[in-house]
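Q: I have a structure to go through with you. Can we take the overall picture and then a few side chains?

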Amino acid sequence: MAMVCGGDLFVRALKREGVKYIFTLCGGHIAPIYNACIDEGIGIIDVRHEQVAAHAAAGWARVTGEPGVAVVTAGPGVTDSVTGVAEAFIAGCPMIEFGGRAPLAEFEIGSLQDMDQVRLMEPITKWAKTIYEARRIPEYVSIAFRLAKSGTPRPVYLECPIDVLLMQRVEESEVVFPENYYAREEAGGSPALIKEAVKLLMAAQRPVVIAGDGLFWAKADKELREFVELTQIPVQTAGFARGAVPEGHPLALAKLGMPMADVVLALG
């Protein structure tokens with residue numbers, strides 16, 4: 001089979017995740033990714049500042065419920081994106097930022113735009129790593145997406161030195177693309193505590209449901225509407241959950257009704 005470079009493997013891993021677009025500002029340290037995107041049919045959304053790339057990736061997540069992908073070049077490219085990544089971290093948005101990096105062979109000797117980017121990104125991401133072997137890029141991408149989407153959604157950061165991304169070529173047949181790395185079933189609450197919650201709601205005189213961001217990421221809009229219509233419990237939605245129950249719905253509750261509730265069911 002053919003020999004492939006790290007850029008090819010990164011984009012093929014993105015395609016397996018269903019990624020349709022990347023948000024990016026062109027830079028030499030990430031150039032191999034662009035050719036691969038063209039080959040694999042992934043759209044390249046070109047922006048004029050790396051902060052925009054990060055904000056756009058987070059915006060994509062807010063609209064679609066799936067992680068957005070920002071690709072930025074080394075050094076100033078990564079530092080320019082910090083505000084967008086930090087905002088996504090605080091807001092709980094899943095996104096993948098891929099950063100270029102100076103050549104591995106020139107670490108710590110004054111290579112162009114060489115800096116410790118992982119240490120910079122660690123406080124504002126769920127996970128931040130450098131990939132040192134091209135053949136492991138699909139493995140790292142699979143971890144990144146799983147972590148970005150699981151638990152509380154948040155950004156993750158990956159980077160790859162340009163010599164690994166471009167010049168470290170591997171035999172295609174020897175590359176492993178991970179499978180079945182997402183949980184098939186979402187973890188549930190304790191059955192005993194769920195029964196206790198149901199008893200509290202049934203005994204309540206003025207119960208209220210509050211739904212927040214977690215409802216959006218769980219894609220549980222339909223289930224929320226079914227629940228409140230079955231129980232006839234008023235509901236207030238906030239954040240990304242706004243619209244899950246239309247504000248014109250008879251059970252939609254304004255904030256003014258909250259102080260009167262005797263039992264509150266908080267979702268997400």
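Q: Among contacts in the protein chain between residues at least 6 apart in sequence, what percentage join residues at least 24 apart?
A: That comes to 73%. Keep in mind that this is a predicted model.

Q: How many helices and strands in the protein chain?
A: There are 11 helices and 11 strands. The C-alpha atoms fill a box of roughly 70 × 35 × 30 Å along the principal axes.

Q: And what share of the residues is buried?
A: Buried residues account for 45% of the 268 in the protein chain.

Q: Charges next. How many positive and negative side chains?
A: The chain has 25 positive and 33 negative side chains, with the centres of the two sets 7 Å apart.

Q: Now arginine 62. Which helix is it in?
A: Arginine 62 belongs to helix H3, residues 50-64.

Q: What is arginine 62 in contact with, leaving aside neighbours within four places in sequence?
A: Glu87, Ala91, Cys93, Phe216, Trp217 and Phe240. Phenylalanine 216 is 154 residues away along the chain, yet the C-alpha atoms of arginine 62 and phenylalanine 216 are separated by 8.7 Å.

Q: Switching to rings. How many aromatic pairs does the structure hold?
A: Seven. One of them is phenylalanine 10 with phenylalanine 98: the ring centres are 4.2 Å apart and the planes are at 35°, so the pair is tilted. Phenylalanine 10 is in helix H1 and phenylalanine 98 in strand S5, so this pair ties together parts 88 residues apart in sequence.

Q: Are phenylalanine 10 and phenylalanine 98 buried or exposed?
A: Both phenylalanine 10 and phenylalanine 98 are buried.

Q: What about the rings of phenylalanine 216 and phenylalanine 240, how are they arranged?
A: Their centres are 5.6 Å apart with the planes at 70°, so that pair is edge-to-face. Phenylalanine 216 sits in helix H10 and phenylalanine 240 in the loop between strands S10 and S11, so the pair ties together parts 24 residues apart in sequence. Phenylalanine 216 counts as buried at 17% relative accessibility, while phenylalanine 240 is partly exposed at 23%.

Q: Which residues do ring pairs link into a cluster?
A: Tyr21, Phe23 and Trp60.

Q: Last one: which ring does the charged end of arginine 101 sit over?
A: The ring of phenylalanine 107, at 4.0 Å from its centre. Arginine 154 also lies over a ring face, that of phenylalanine 89, 4.6 Å from the ring centre.

Technical notes
Residues are numbered from 1 along each chain as its sequence is written. This is a predicted model: local features need pLDDT of at least 70, side-chain atom pairs count only at pLDDT 80 or more; totals for chains, interfaces and linings use all residues. Side-chain values use heavy atoms; hydrogens and water are left out. Helices (H or I, at least four residues) and strands (E, at least two) are DSSP runs, numbered from the N terminus. Contact means heavy atoms within 4.5 Å. Rings of Phe, Tyr and Trp (its six-membered ring) pair if their centres lie within 6.5 Å; planes under 30 degrees apart count as stacked, over 60 as edge-to-face and the rest as tilted. Buried means under 20% relative accessible area, exposed over 50%, partly exposed in between (1.4 Å probe, protein chains only). A charge sits over a ring if NZ of Lys or CZ of Arg is within 6 Å of the ring centre and within 35 degrees of the ring normal. Lys and Arg count as positive and Asp and Glu as negative; His and the chain ends are not counted. The place of a charge is taken as NZ of Lys, CZ of Arg, CG of Asp or CD of Glu.
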